[in-house]
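Subject: Structure for you to look at

Hello,

Here is the structure I said I would pass on.

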Amino acid sequence: MQQLPEAVGLEQDLITDLESARGSARLWQIQGSPFAGKSSLLRGLAITLRDKGQSPILVQPPARAADAGVMAMVEVAVGLHSHGHIGTDKLALIRSDEKSWLDKLEALKSWLEDSAEGVVLLCDEPEHWHSSAEEDTDHFRQQASAVIDWLLRAPCHRVVTGAVESGIRSHRSWHLKAASNARDWLHESSDWGALADTAQALARSGVRNLESRSPLEVRLLLALAEAITVDAAVRWWGQGKPRRELSRKLVEALQGHPAMDAVLPAWGRISLSRRPLGNAELDVLDAPKAASRAGALLRYCLMYPEAQGYRLHELLKADARDNAYWLSARERHSAHRQLYDRYCQRFEQRNADDAMLLIEECEAFHHAMHTNDVALMQRARPYFATQLDIVGRLLSRERREYRRAAEVFQRAHRWEPHDAYAHHYQAYNLDILAEQSVTVEAHYRRAIELEPDNVWWHSRWISYLITRGRAQQTHNAWLEVLDQFGLPDVDITPSVYKHLHTWIGRLLLHRGQLDMADEVLQGIPDSIIQSEPGLQALKRRLTALLQARRGEAFFPFSIAPDTQWNGPHLAPSRQGERPLDHWLPGRVDAVSEDEVVLHVAEPPRQDERPQAGTIEMATHQFNACSEDTTAERLQAGQFVELAWYADQEMPLIRVHPAHELHDPDLPPLFPDPARYLRRSGWVT
């Protein structure tokens with residue numbers, strides 16, 4: 001950690017504090033910017049504590065991964081075993097397919113409590129373990145939260161980087177600055193491999209404001225200097241640039257560079273790995289060799305060496321994701337297959353008592369899921385039902401293999417009967433197929449019993465009832481869900497309305513159940529409707545359909561209901577010197593070879609309904625008045641405007657484009673509302 005002088009001092013301070021706090025259980029917190037070196041500090045601290053005879057356990061699961069919670073559990077189990085606190089027989093419980101994840105969590109709690117003296121948990125940014133926010137569930141976040149809460153309250157010393165929950169107090173807190181001793185570091189030839197000459201030239205160049213920048217930024221600037229020359233990099237850098245700009249400039253410089261053409265795709269393949277990679281793994285991923293300048297740039301600038309190999313910073317993984325990894329879908333699948341094969345090879349070479357087997361088997365499972373090889377997915381061995389949930393989600397969302405997905409979710413809830421996520425998604429995937437309706441209903445209901453506060457479980461269940469035409473059950477279920485969430489409530493999270501009212505309202509409108517659709521949409525606070533384009537579109541569609549039911553459909557969906565009579569919308573306010581006298585909106589009722597029939601209305605007076613009527617025009621008259629199309633091209637249902645100007649007997653006719661019949665903000669219909677009718681042969 002010589003490139004992090006402040007981290008070295010902080011580590012010494014921490015060690016002193018830890019040694020003076022023996023016999024107690026305290027929490028120390030280290031905060032700082034995303035690239036201040038907090039993770040490097042924890043890894044260095046783990047080595048120092050081990051050398052001092054303590055039992056540090058570094059908990060650093062994949063960031064924002066759906067399995068982050070259970071992977072953190074695996075890392076704790078591996079750590080306890082590596083320090084001799086539990087035997088191999090205990091690891092068998094973690095591998096067991098007969099124990100739930102909660103059973104395994106309780107076992108870990110017990111083991112850690114028995115071994116608390118001397119154990120130091122080093123938790124690397126647990127706030128980032130949470131899975132990315134999902135559109136339909138927080139299932140994986142809940143698991144991670146339960147694991148995080150246990151670790152932060154564990155009966156042993158804990159050192160945590162990043163934020164902690166407000167209810168958890170730290171014994172002491174530090175803030176690590178993003179700074180480095182850049183010039184001395186750049187002069188260290190052994191740290192840069194084949195780029196040592198470029199690093200020393202950069203150190204001598206007089207580049208400004210480098211000492212206040214993080215090691216990550218120093219490495220990226222060195223990579224840029226190698227790609228475009230030191231002088232060009234220093235000129236571009238000026239007084240300094242943000243990290244994101246530095247990454248973008250580097251990507252731009254590497255694209256098309258004749259000597260560096262292998263770097264970007266290698267960067268992408270490496271980003272798919274969740275663990276440090278040794279040279280053997282880098283070779284498997286076709287990374288440039290370490291002795292080459294491209295290989296050195298990859299290992300010493302984009303990655304950084306540590307005890308287990310080379311690690312790529314999460315921010316650089318995000319840069320790769322933003323660029324689709326510089327790989328095709330097939331190339332990504334191939335890279336996952338290469339990593340799967342490599343992890344299999346590694347754990348097959350290990351002794352059966354080696355706890356690292358657990359981590360490597362879990363990583364093999366992860367990569368198998370992303371190979372696009374269903375047979376491989378089914379062959380990989382899970383340790384947690386959570387892993388099956390992830391496979392089922394991938395099969396359903398990405399591959400649309402709904403029957404296979406339903407089978408995987410069935411395996412998951414047979415393993416863990418209280419897995420509401422698995423119950424719901426077995427039902428949902430069968431529902432998409434319109435198959436096994438008894439099973440669908442049973443598992444939709446079971447998911448709601450297990451998690452009554454999950455809004456999506458209710459939303460999909462009610463949508464199913466609408467699809468099956470069960471009006472009374474639908475209304476009863478709707479009233480129950482309103483009571484469950486205490487709706488309407490302006491203070492509740494807007495996502496409840498988005499996930500519940502949006503999809504139920506959309507399906508009711510499609511089925512023409514306007515009264516209940518009106519009841520559903522009327523229950524949404526105006527402040528939430530104004531922030532959600534999809535809900536606004538539903539309100540427009542409802543208004544239009546209610547108008548049509550009353551015989552008052554005169555405007556396309558593109559015109560908001562509250563502005564409909566603020567027209568005309570197409571006709572000008574003047575035609576030459578003649579001002580507008582009056583206008584009528586309308587809809588084409590019928591078209592024949594000889595005649596066009598228009599259903600039109602007079603603008604209403606205040607608090608009155610519009611007065612509707614019919615205008616019949618010969619086709620030659622319509623053609624003479626129309627500015628946009630001819631009667632021969634006109635379609636029944638299109639909307640029109642008729643505008644009369646001073647001293648004119650015949651109107652100007654404007655025709656709204658046919659595409660305005662479609663509202664781009666209207667939420668899609670999925671699954672197919674007619675799927676059960678199709679399955680029964682009633683519709684094709």
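**Notes on the helices**

Helix H3 (residues 68-82) has 15 residues and reaches 21 Å from its first C-alpha to its last, close to the 21 Å expected at 1.5 Å a residue. (The expected span is 1.5 Å times one less than the number of residues; helices are DSSP runs of H or I with at least four residues, numbered from the N terminus.) H3 is mostly covered, with 14 of its 15 residues buried (buried means under 20% relative accessible area, exposed over 50%, partly exposed in between, with a 1.4 Å probe and protein chains only). Just after H3, Gly84 takes a positive phi of about 80°.

Before going on: this is a predicted model, in which local features need pLDDT of at least 70 and side-chain atom pairs count only at pLDDT 80 or more, while totals for chains, interfaces and linings use all residues. Residues are numbered from 1 along each chain as its sequence is written, and side-chain values use heavy atoms, leaving out hydrogens and water.

In helix H4 (residues 88-95) you will find Arg95. Is Arg95 buried or exposed? Arg95 is buried, at a relative accessible area of 14%. Not counting residues up to four places away in sequence, Arg95 touches several residues, among them Asp354, Glu361 and Tyr383 (contact means heavy atoms within 4.5 Å).

Helix H24 (residues 471-485) also has 15 residues and reaches 21 Å from its first C-alpha to its last. Its buried residues are Thr474, Ala477, Trp478, Val481, Leu482 and Phe485. Seen down the axis of H24, these fall within an arc of 145°, so they line one face of the helix (the arc is that of the directions from the helix axis to the C-beta atoms). On the other side of H24, Gln472, Glu480 and Asp483 are exposed. The cover over the buried residues of H24 includes helix H23 (455-467), helix H25 (494-510) and H26.

H24 and helix H26 (residues 514-522) pack at an angle of about 10°, with their axes 12 Å apart (axes are lines fitted to C-alpha atoms over the stretch in contact, and angles run from 0 to 180 degrees between N-to-C directions). H24 and H26 are therefore roughly parallel to each other (angles under 35 degrees count as roughly parallel). Thr474, His475, Trp478 and Leu479 of H24 make the contact with Met516, Glu519 and Val520 of H26.

Regards

Conventions
Helix = DSSP H or I, 4+ residues; strand = E, 2+ residues; numbered from the N terminus. Parallel < 35°, antiparallel > 145°, perpendicular 65-115°, else oblique.
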